[in-house]
Amino acid sequence: MAEYELYLVRDLSELKEGEAQVINVRKKENYEMRVVKAIVNSSGERLPGADKIWLRTKVGEQLSQPWSIKILKDYGSLPQHAGLY
Amino acid sequence: MPFPHKDLREFIGDLESEGELTKVTEEVDWDLEVGAIARRLCELTLGRSVKAGGQRAALFEKIRGYPEGFRICTATLANYKRFAMMIGHKDPDVATVRELQDLYLEKMGRSTKPNIIGEAPCKENRMIGDEVDLYKFPAPMIHDGDGGRYLCTFHIVASKDRNSGWINWGMYRAMIHDRRSLSIYFSPGQQGLMMYQEYEARNEAMPLAIAIGSDVISLFISGCKLPVGISEMDTAGGLRGRPLDVVRCETNDLLVPASSEIVLEGFMPPHARLWEGPFGEYPGYAATPRDRDRPVFIIQAITFRDNPILTMSNMGVPVDEGHLSYSIAWAAEFKKYFAQNGLPVVDVNILPTSSAQLVVISTKTPRAGIAHLYASAAELSWRLVGFNILVVNDDVDVFNPAEVVHVWATRVHPDRIYPRKGPSNPLFAWGNPEERVSATAPAILYDATWPVEWPSEFVPRKSSFRTIYPQEVQEKVERKWIQYGFE
């Protein structure tokens, strides 16, 4: 199971549980920033086979419990997605 | 002891022979472990040499997931002895802060043009275009919660003024996004940002280079606050006492130290901003939250030495190499500026233990309100960005932290504490959220001088060994100290 991290811009309300949405995540393996379409859920049980994602506040504090994430599409790294090269 | 050191490797060798560096052969993880070790080294050292109880600098020789030879060096200038070795003090073990300030000013007054050479150690290996991969280097995740892996924390950022051609070397943190790009954090008013804004206003990309693991004098100089238009590489040559070898980049005409371990070349596109931060910074906090407004550096080429050494600084609570080395440089510059402007300054010290945020000034007091003149002068000298200032009488040794704390706690009347509004720094932890964003957190002036209008008999007599006992008693006690059974 892969592990990801996500920085909240404001608070948890910006994440729509169970709905596909485009978000910025980083893979724990090397911390590369990726833009993905994904479904996230606060409970791993409702997304069988999903990966783990840790949430951090904008000052870097990690929330105590991980969420789950199912990536539907990977748009590439953040700079590539922004068309910078 | 060699001076100047021809490259980082010679300095590392010198540190090792002086017992100031440990080569860590045990495998360490780039993901937090290296950062945690560096942080602990700084916090245990507190600026002291190893002989005086401090810890060594570290060269990590085996990094998880990276080939043998890819190394990280940290805490390189994290005590006074290492700074003294860097700047060429004749006896680094006993160098005082005042001597280091004087040596800095003496050498910074010189300027020597660099040698531009063709082939250079930093060109031993090349990655060009699609070959570029920042993940080939063991960029550390320094603090838990950092916005990414910070490849650049003790380095040189080279850019050229669009109009004059002046090449600036600065030190601005840079975080990896992916194999070919980083985001750079500039504080408001920093010269690299001012240059970028000139290009951006014309919708042009700014050529940029970052040199990592250069000779320690060049690394140090790039973090000093030199005036606009002054070349750091000429100043480095002056400080070295001989020209610095520099080399042109492969893809632009920027100049970087030839001995650098790793050189990143590329450009900053106009109007491109991405997320960056948070990052544990030198005031001792991760006070800048994640922000999507950071310029981006796209890498076109990387050149590097065989077995490259990545220089890293773990900023946080005191005392790291930034606190120590820049407190010496900035205090020396303040003292020079005050004297040039006719202020009766005696000494200036920036306490590294204040995260280099408290400037302590000792002065004669020929008139009332002298503390305000220092604060105004400090603000006029473009070097002051929100420092707190403590002004004390000339009986105080500003280099003695215990004495400074005592005076601060006992001589500052509440009516003589003055918040001062002005250009500030988003990194300052005491700023409220709005002040941090707008870089307007006020600084504080503490006037600890005795009011000149007080009758002399009203100034309390200082009760210390040096001031309360007759000279003959002091001399007797000192002469017989060992005889009493003390050390």
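The following dialogue concerns chain B of a predicted model and the contact of chain B with chain A.

Mentor: This is a predicted model, in which local features need pLDDT of at least 70, side-chain atom pairs count only at pLDDT 80 or more, and totals for chains, interfaces and linings use all residues. Residues are numbered from 1 along each chain as its sequence is written, while chains are lettered from A and ligands numbered from 1 in the order in which they are written.

Trainee: What makes chain B as compact as a globular protein of its length?

Mentor: The radius of gyration, taken over C-alpha atoms, is set against the globule rule, 2.2 Å times the number of residues to the power 0.38. For the 487 residues of chain B the rule gives 23 Å, and the radius of gyration is 23 Å, so chain B is as compact as a globular protein of that length.

Trainee: How many helices and strands does chain B hold?

Mentor: Chain B has 14 helices and 22 strands. These are DSSP runs numbered from the N terminus, helices (H or I) having at least four residues and strands (E) at least two.

Trainee: Why are strands E18 and E21 of chain B said to stand at the edges of their sheet?

Mentor: Two strands pair if DSSP finds at least two bridges between them. The open sheet runs E18-E19-E20-E22-E21 in chain B, with mixed pairing. E18 (345–350) and E21 (417–420) of chain B each have a single partner strand, so one side of each lacks a neighbour in the sheet.

Trainee: How do you know that E21 and E22 of chain B pair?

Mentor: Four bridges join E21(B) to E22(B), residues 443–447, and the two run antiparallel. The definition asks for at least two bridges. Within E22(B), B:Tyr446 is the bridge partner of B:Ile417.

Trainee: Which residues of helix H5 of chain B are called buried?

Mentor: A residue is buried if 20 or more other C-beta atoms, placed from the backbone, lie within 10 Å of its own, exposed if 12 or fewer, and partly exposed in between. In H5(B), residues 191–201, the buried ones are B:Gln191, B:Gly192, B:Met195, B:Tyr196 and B:Tyr199.

Trainee: Why are they placed on the same side of H5(B)?

Mentor: The arc is that of the directions from the helix axis to the C-beta atoms. These residues cover an arc of only 140 degrees around the axis, which puts them on the same side of H5(B).

Definitions and conventions:
Two residues are in contact if their C-beta atoms, placed from the backbone, lie within 7 Å.
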